[in-house]
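I am opening my notebook on this structure today. Here is what I looked up, in the order in which I looked.

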4 protein chains.
Amino acid sequence: MVLVDRANYGRLKPVMRAIAGHPGLELQTVCTGTMLLERFGEAVSIVEKDGFRVDGRIYVELEGSVPTTMAKSVGFAVIEFATEFHRLKPDIVLLIGDRYEALAAAIAAAYMNLCLCHIQGGEVSGSIDESARHAITKFAHYHFPATERSAKYLVRMGEDPATVFPVGCPCGDAILRRAPRLPARDFGRGSGARIDARKPYFLVIFHPVTTRFGDERGQVEEILAALHGLDHPTLWLWPNIDAGSDHISKALRVYRERHPGNRWLHMMKNLPPEHFQAALYHARCAIGNSSSFIRDSTFMGTPVVLVGDRQVGRETAANLVEAPCAADAIRAAIERQCAHGRYRPSTLYGDGTASAAIARRLAALPLYRQKRLHFIHER
Amino acid sequence: MVLVDRANYGRLKPVMRAIAGHPGLELQTVCTGTMLLERFGEAVSIVEKDGFRVDGRIYVELEGSVPTTMAKSVGFAVIEFATEFHRLKPDIVLLIGDRYEALAAAIAAAYMNLCLCHIQGGEVSGSIDESARHAITKFAHYHFPATERSAKYLVRMGEDPATVFPVGCPCGDAILRRAPRLPARDFGRGSGARIDARKPYFLVIFHPVTTRFGDERGQVEEILAALHGLDHPTLWLWPNIDAGSDHISKALRVYRERHPGNRWLHMMKNLPPEHFQAALYHARCAIGNSSSFIRDSTFMGTPVVLVGDRQVGRETAANLVEAPCAADAIRAAIERQCAHGRYRPSTLYGDGTASAAIARRLAALPLYRQKRLHFIHER
Amino acid sequence: MVLVDRANYGRLKPVMRAIAGHPGLELQTVCTGTMLLERFGEAVSIVEKDGFRVDGRIYVELEGSVPTTMAKSVGFAVIEFATEFHRLKPDIVLLIGDRYEALAAAIAAAYMNLCLCHIQGGEVSGSIDESARHAITKFAHYHFPATERSAKYLVRMGEDPATVFPVGCPCGDAILRRAPRLPARDFGRGSGARIDARKPYFLVIFHPVTTRFGDERGQVEEILAALHGLDHPTLWLWPNIDAGSDHISKALRVYRERHPGNRWLHMMKNLPPEHFQAALYHARCAIGNSSSFIRDSTFMGTPVVLVGDRQVGRETAANLVEAPCAADAIRAAIERQCAHGRYRPSTLYGDGTASAAIARRLAALPLYRQKRLHFIHER
Amino acid sequence: MVLVDRANYGRLKPVMRAIAGHPGLELQTVCTGTMLLERFGEAVSIVEKDGFRVDGRIYVELEGSVPTTMAKSVGFAVIEFATEFHRLKPDIVLLIGDRYEALAAAIAAAYMNLCLCHIQGGEVSGSIDESARHAITKFAHYHFPATERSAKYLVRMGEDPATVFPVGCPCGDAILRRAPRLPARDFGRGSGARIDARKPYFLVIFHPVTTRFGDERGQVEEILAALHGLDHPTLWLWPNIDAGSDHISKALRVYRERHPGNRWLHMMKNLPPEHFQAALYHARCAIGNSSSFIRDSTFMGTPVVLVGDRQVGRETAANLVEAPCAADAIRAAIERQCAHGRYRPSTLYGDGTASAAIARRLAALPLYRQKRLHFIHER
């Protein structure tokens, strides 16, 4: 009974394995969003190659990448999730994070009286994801936060402490099991300069900050200006589909047209979870605002330069340096991280046992419908 | 910049007057939900008769009254609100309460980066409305809670105290200005037995509890059984459109077919705000689970029998007696309230100045986009 | 692989039996529109009582009953049919008539490359149904028209003659098998005056003419004026859900409020197919604009007064008299029909073998995708 | 009162000028589909640069490019057009061609009782467009076919001859006014090999044939194989957004990755109308299945190789040679056309006066609602 959205597949894969392997649980998987889109690498095929059955495919992205289409995609997604939930009749809807597809699934589940479980609630960040995450919390019946602070925040927000299980982030489960032996892999099907995965490289992911719609192009130009000077082999992954992503893509295309012979910039759409983890693990420095840089990287100790305010408020480990979205500051931060080199891994986001803990809890939870702000039970 | 949903028009009307009368504000009104439907009395025409321009009409109710159609109506409403907000380009979206239409408007506004203000946040109740209310809070930038407790709960949930303004409930503004002189009015266009508004009567409203979908018919039969024995003139207003309302309507129709000559039951679809307030004010006892019985009645002191758990958790004044949804218990509670008679009005839900306070705040608020859980600013 | 819309179930039921009974065919049934709605009598439960499995339920009616919501319901229906067809993967989509739900199903099927078969194409009528019927024809791969004229028209419109099978209307199949022995049945669950099904009565059905949206109320008042004077027991069935139906309902309710003690008007929502056929068979005169009065009545010889222009252009048998929508003209026509009495049945719409012929064809048809205006194959 | 879909802007631009310049008409423009999408070149900005106001922007493309999403996009488009028509309240909806966006607009207009006028009806082609075109005809009140044969076919399909005006195709209006002086222009912002617009080049456009979904990749590989051998400078424009277009794009990308240094293939998203006409005019040979190759090219005499069956049934002039979708056949046809060189222009699709004729008619048409198959008026 797991719901998956694109980049999160890497995080949920160990949970799916744990559920599929649990005698008291049956796994149903619904894929949606960019997972289904060829231009984002069609991650759904990876799910199937990994041996999972995909029980539902929900197309929800209304093209346009402006705030209005983003809002409409949320609405459309609610409609489509309602259809699938009506058909699949799950006992529990399990979802992760703060994307609008996850919010839509939560709303559909809530109005259909389904038991909703939420992974990664209670965190703090920027963008509209911040609000969506807490709204999902308010619909969720059970919570699997990734850190102690998140668990504490959930209870302070009025969730019943008996429904909050701080299990750590499942993204660490796979990493900790494999990390020391993660081999570097060739970067295959991308475009642009060829770069060698066995030599030092940077990894860049930069998503739009929807609450700053319109600023994206200038922001990417700052990052490109910083990297242009460094001329260091770089793997850049295309952004997600949020409002503003077209502006980011455009800035990248313009740069490539102006510098057709550049030898540092390799672009890719997507990587399977293990490849991505390997790419992050072996990167000399990760640059951008992907939540994986906050989270997955802590299990690895990869140096990170966090750019801009999309993730402001998240809990971070020592391997992360923040930089405002200005070329000079970004460049200085990169140089500082390169000088420092790899950090010691942290247990901030868990110890690698989250998936098993989630499956165990799911099998034992009483399903109920009526939530109420827990404050009223206090003295 | 006010958004209205059906029964709430009574509550928002003084706010709309205050906004329209404020030199620094311009009022836009979007009507949706049952306000537009003939079979619910088409309340939108009352809005226009009251002199307000209706800038948008959003049809969102997908027929069916089952949880799946209710979920789909939410999705459809998000799409339609996005269209209207794109067209009207409001600076502020102001909404009230916890209905799914309000949730849909909140989501559309949030993903379109509009400043969202919410009236009646922080309260506690049953039904899915409980979750929707708090989810709206998580998207809202400013809050106008109706009570001190609600304000306190909003801050505890992580809202910035500087954005929480406990102004009281605007529903009291009109009541306190008019209540002592509210004349009893004839109950006109309904069906069933004729009853005299100048003699003692009961007022009943019973909405479905969506999280208990399927139980409605039996619940209504209990209420009817209680009232059947009392045989006391009763004005019963049809329920809202939530999943389950068809079951309620059916139970009522079956009763009427079986007791065609009964002389106590008068059914009506809808009353204009002032008529409704008069009807509630003059009722000998109000019976059911409408939130107006919790809230508006406190300004009046009308005796109330609250039936079932739809409102469990709300703050109540002395005029309210709770009863489980069983004929005997309901009947006993009604008799107790009739024996007691009218209560003294309470200031639990405000002192009649909410509308003016809201308009004054709206005109002065800095618009901003990025919210963050306030906990992270704490020491 | 049959698709059903509300009132048409009576017509398709023998086809469904024939398909279910054919060794080379498997029947899937999708119900939609008013079939699912309590306030229209929830005909889907009759389908299930009759022993058919309902494979899909598609809620499509956006409340409002204005042209805009009708258009949006079409759009919504296309989306929902696409979902169901994707799930059920039928080889053939079989549908009947000209309702907007049928148009929506045709469009979804066409863009999904499914083989589309259409019953009752090539007819001529009024309302938007006229255009929708021919548009469905243009998407349909095979045609089962009800009359020779319809078959001829389909070919003239450019359909390949090899794909046009004039089999008669399946509505006659059941009637001809049962008609002489159709017993009169009590009219049960309606409201208003009680009338005796064994004594002479009128049957009225009046649907809105969507292309004359806004005129409905006056039209119904003319019919009511005609009948008010006659004071003859009358069974009136509520209209369908098209734009304007709320106006019709309102006119009826107003009449009933003004004449609460009238002894002629009995209102009902819906009748199961056999009950409806019996009611039509035994009626002294049928009055209104239902297509069943044009079609089903020809197999029975029931006298019909066709009111207004909703059906202008249809092929009619001798049992039908037309009247403009004016009280005097309607009354005169009714009196003329009562004076005449029952007519001889006609074979205009077939000889009772349509269902078997359709099933036989369906099992033998080659599925293909690409249609082309047949004119280009001519010399 | 003009509706526009992407590639057709070139054809409608002279009509828009004629309407805007007519004293009895007011022009409203709604843009939709790929016109609004950055990844298709955002043609809407060209409309605005040309001095037209864009009154509505309708995002309708649900991402996925599979038949199910295509069907859902139709449904979504109907909903959104209903909203815009409700807001803009046009007297006449004017649209062109056979795309699904046009079908959606036609359905919304029809169910909202708006007068619908259709350009380019009565033509014959392949793909689902064939059915959509004739379905639009069945909703349209007036018709502006491009050829005498099309006009004749419309009447044979049952349209009233008094509503059919064979005015020629407006795409010729601009071409005939400018063609002899159309300068060759640089091909700017594309990717791949640089090619010189002043030297001989091929022009390729290949759209998916939706009724053959799944065959696209092999088809494109055949064309690429034919051109690979010729190694002749070629301008290739990306396909439209129909189901299957992702497969075409993929085949092109794979070719480019395998032949990164090729010097013949230049890819572009989009060209403004005049640039496109110049590109077609000066091409040595046009290859593919774009309807502009059938139509616009006849006014110019550009040699065309029509590949596959997407356009089977269209009226063609002497400048066109057909080839099945096989590398050898395509190559042979190209060589034959190159050997022949430019043809004499044809007047098959009009004489350059269509736009003025359309505007003149629109200003004089009586608006009406109720259509009926014209056959019934015949003796």
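How many bridges join strand β8 (residues 202-205) of chain C to β9(C)? I counted four, and the two strands run parallel. Before going on, I noted that this is a predicted model, where local features need pLDDT of at least 70, side-chain atom pairs count only at pLDDT 80 or more, and totals for chains, interfaces and linings use all residues. Residues are numbered from 1 along each chain as its sequence is written, while chains are lettered from A and ligands numbered from 1 in the order in which they are written.

**Entry 1: strands in chain C**

I wrote down my terms. Helices (H or I, at least four residues) and strands (E, at least two) are DSSP runs, numbered from the N terminus. Two strands pair if DSSP finds at least two bridges between them.

Then I looked at the pair from my opening question. L203(C) stands opposite L235(C) of β9(C). To get from β8(C) to β9(C), the chain passes through helix α8 (residues 216-230) of chain C, and this β-α-β crossover is right-handed. Right-handed here says that, with the strands pointing away from the viewer, the path from the first strand over the helix to the second runs clockwise.

On to the next neighbour: β9(C) is joined to strand β10 (residues 265-268) of chain C by four bridges, again in parallel. Here T234(C) faces L265(C) of β10(C).

Where do the side chains of β9 (residues 234-237) of chain C point? T234(C) and W236(C) point one way, L235(C) and L237(C) the other way, and all are buried. A residue is buried if 20 or more other C-beta atoms lie within 10 Å of its own, exposed if 12 or fewer, and partly exposed in between, with C-beta atoms placed from the backbone.

**Entry 2: a helix in chain C**

I checked helix α10 (residues 273-282) of chain C next. Seven of its ten residues are buried, so α10(C) is largely enclosed by the rest of the structure. Among these buried residues are F276(C), L280(C) and Y281(C). Their cover includes α1 (9-20), α7 (171-178), β8, β9, β11 (285-288) and α11 (291-294) of chain C.

**Entry 3: the sheet in chains B and D**

In chain B I traced an open sheet of seven strands with mixed pairing, in the order β7-β10-β9-β8-β11-β12-β13. β7 (191-192) and β13 (320-323) of chain B stand at the edges with a single partner strand each, so one side of each has no neighbour in the sheet. Strand β12 (residues 304-307) of chain B runs parallel to β13(B), joined by four bridges. V305(B) has V321(B) as its bridge partner.

In chain D I found an open sheet of seven strands in the order β7-β10-β9-β8-β11-β12-β13, with mixed pairing. There, β8 (residues 202-205) and β11 (residues 285-288) of chain D pair in the parallel sense over four bridges, and V204(D) stands opposite I287(D).

**Entry 4: two domains in chain A**

Chain A is divided into domain 1 (2-168 + 353-377) and domain 2 (184-340), with bounds from an automatic or database domain assignment. Their centres, taken over C-alpha atoms, are separated by 27 Å. I found 22 residues of domain 1 in contact with 24 residues of domain 2; contact needs C-beta atoms, placed from the backbone, within 7 Å. On the domain 1 side, α1(A) gives the most, with three residues.

**Entry 5: how the chains meet**

Which chain B element gives the most to the side that touches chain A? The contact takes 42 residues from chain B and 42 from chain A, and α3(B) gives the most on the chain B side, with twelve residues. That side divides into 24 nonpolar, eleven polar and seven charged residues. For these classes, Ala, Val, Leu, Ile, Met, Phe, Trp, Tyr, Cys and Pro count as nonpolar, Asp, Glu, Lys and Arg as charged, and the others, Gly among them, as polar.

I also laid chain B on chain A: a turn of 180° and a shift of 0.0 Å along the axis give an RMSD of 0.0 Å. That is the relation of a two-fold axis. Copies are superposed by least squares on the C-alpha atoms of residues with pLDDT of at least 70 in both. 100% of the interface residues of chain B are also interface residues in chain A, so the copies meet through the same surface.

Last, I looked at chain D, where eleven residues are in contact with eleven residues of chain A. The chain D side has four nonpolar, two polar and five charged residues.

How values were computed. Two residues are in contact if their C-beta atoms, placed from the backbone, lie within 7 Å.
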